[in-house]
Amino acid sequence: MSASGFLALLLVLLSSGRLLASGTGNFSTQPGVGLAGPTSLAMMSESSDECDRVMNYSAAERCAFVKRTPDCSMEDGFINYLRLAFCLLPPNLTPLSITLCMVWLLVLFLILGLTASKFFCPNLSAISSTLHCSHNVAGVTFLALGNGAPDIFSAMAAISHPHTAGLAVGALFGAGIFVTTVVAGSVALVKPFAVASRPFLRDVIFYMIAVFWTFDILYRGTITMGETLGYLFLYVVYVLTVVISSFIYNWQKNSATNGIQHVPHIPAELNSSDSSDDDDVPGMSGGTIQQEYESEYRPLLPYSESTSEILLSSLNPVDNRKWRRKPWTWKVVKVVKTPLEVLLLLCVPVVDPDKEDRNWRRPLNSLHMITAPLLCVLIFQSGAYGGVMIQGEFPVWLLILLLGMFLAAIVFCTTTNDHPPKYHPLFAFLGFVVSAVLISATASEVVSLLHMLGVVLSLSNTVLGLTLLAWGNSIGDLFSDITIARQGYPRMAIAACFGGIIFNMLFGVGLGCLMQMYETHSSAQFESEGLLTWILPGALGLSLVLSFLIVPLTQFHLGRSYGVFLLVFYCIFLLIALLTEFRIIHT
């Protein structure tokens, strides 16, 4: 709820600032524009068809302008939010429409967070276990993808169209600055510690390369296919560097240990001053804790639930024991999230390697064979394939429904309630695909809705990206990393600050540009939005350079003074960015 109130307060401040900066609110001072009279629509229709000019019209004319302007069509997403804002209710109730859209934005962020944390990440963990990946490889691939899914899919949805690319630029750079300053600074304030030297320098160097490369692309305004593939290849180089450096580090440590006689073996987690990437991982004993917790409440006498009881309990996201222990604030948030969680549980399978039965629920998993493929067809690319007809007579969704019912019957009839089948790990791949499609569809809605808010509030896509989109996707990282630091694992928290955003930038820009090239059959284009476009990479690059210089000078000790410095740096950056947006700072 804190994140939701934070975003709502931001919208109020941004809209108020824009009104004060313009002096006349939503209406232009040009002759014949705004409330000047009924001739304003005809006069402006000849000058421009840009949808951004809708706020220059009178309230009564905005709906007609949105309907006739091709630039307002907003092809991506299920909802045309501009029509929703200006045509759903009478003109005098437009503020109510905007308020409803803001509430819907908070719901979309909640869907993104729930899908990523409750379904996407656990299934990625199960896939990693099934493929027997090492901690290093899993951390920089599956874990990075799981943690950065909302950011990556939001960036891909925005970059895929030149007119919303500013949202992605603002979100990627804004989230980068937020995570490397606010999140890292908060971790240093909560738990001062000595950072691992080599992993820290490695991550900062690779991130600086990605930032300056992106700055060069923004300066030129275009990116070729070779450069796009280079983005993806750079992350492959980063993964190889992590794996090779970890191998060399462990080899050197084992050689030193073998050379010392009569010294008892000390686990790597406790005997690491350099702290390779799989150090300080509190979740490594999570399976044991989970098993002990479940065994404590295991019934003394054997008891077998019926199929209907298993289905009902599987769709209940509330743990009664946990409910009694939690404070009332947690209960309020849980009540708000429960309807969404039930719908997600109904459609997205989850495999949990830490549980004895790996979260096998026979009736629900059988039902997933129907709901999961059907959901993918209905929401993939904003429902583009939901209404497709085979030979003009048979709908695709009905074919998927029949196939799903057939597979569900096979799963239900060939399995038991007590033991998962041998092919149960395949449900992790199904859950991964479904949750990825859902996150992608939700991210597209977020981008479309933010574009509408930018038009209504006369804010650029870049400032919306660096504030609303970046904060909405990163506020969870702030709370989770602070919690991890308080639990005594600050090195893990600071490693997450840099490792994830490298993945987000390289894959967000790379895959987004590939999507734009596929749709336009030409080089990807970036539309510059003025001075603010250059302030973002400049500020992020400066923060990385300062960290690269200051941290080694302090012998890699991150104290409270360094945390205060990072927080002050972010406040100064945000102030400059908003002053630039409101034209107080200009070229």
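Arg-583 lies in the segment after helix H20 (560–581). Helices (H or I, at least four residues) and strands (E, at least two) are DSSP runs, numbered from the N terminus. This is a predicted model, where local features need pLDDT of at least 70, side-chain atom pairs count only at pLDDT 80 or more, and totals for chains, interfaces and linings use all residues. Residues are numbered from 1 along each chain as its sequence is written, and side-chain values use heavy atoms, leaving out hydrogens and water.

Most residues other than glycine have a negative phi. Arg-583 is not a glycine, yet its phi is positive. Gln-555 is not a glycine either, and its phi is positive too. Gln-555 sits in the loop between helix H19 (531–553) and strand S6 (557–558). Buried means under 20% relative accessible area, exposed over 50%, and partly exposed in between (1.4 Å probe, protein chains only).

| Residue | Phi | Relative accessibility |
|---|---|---|
| Gln-555 | about 55° | 69%, exposed |
| Arg-583 | about 65° | 64%, exposed |

Now the interior. A nonpolar core is a set of buried Ala, Val, Leu, Ile, Met, Phe, Trp, Tyr and Cys residues joined through side-chain atoms within 4.5 Å. The largest one holds 113 residues, and Met-452, Phe-526 and Phe-573 touch the most other members. Helix H7 (residues 165–190) gives the most to this core: 15 residues. A second, separate core has 19 residues, including Ile-111 and Phe-119.

Which residues does Phe-526 contact, leaving aside its neighbours within four places in sequence? Among them are Ile-159, Val-169, Leu-218 and Cys-513. Contact means heavy atoms within 4.5 Å.
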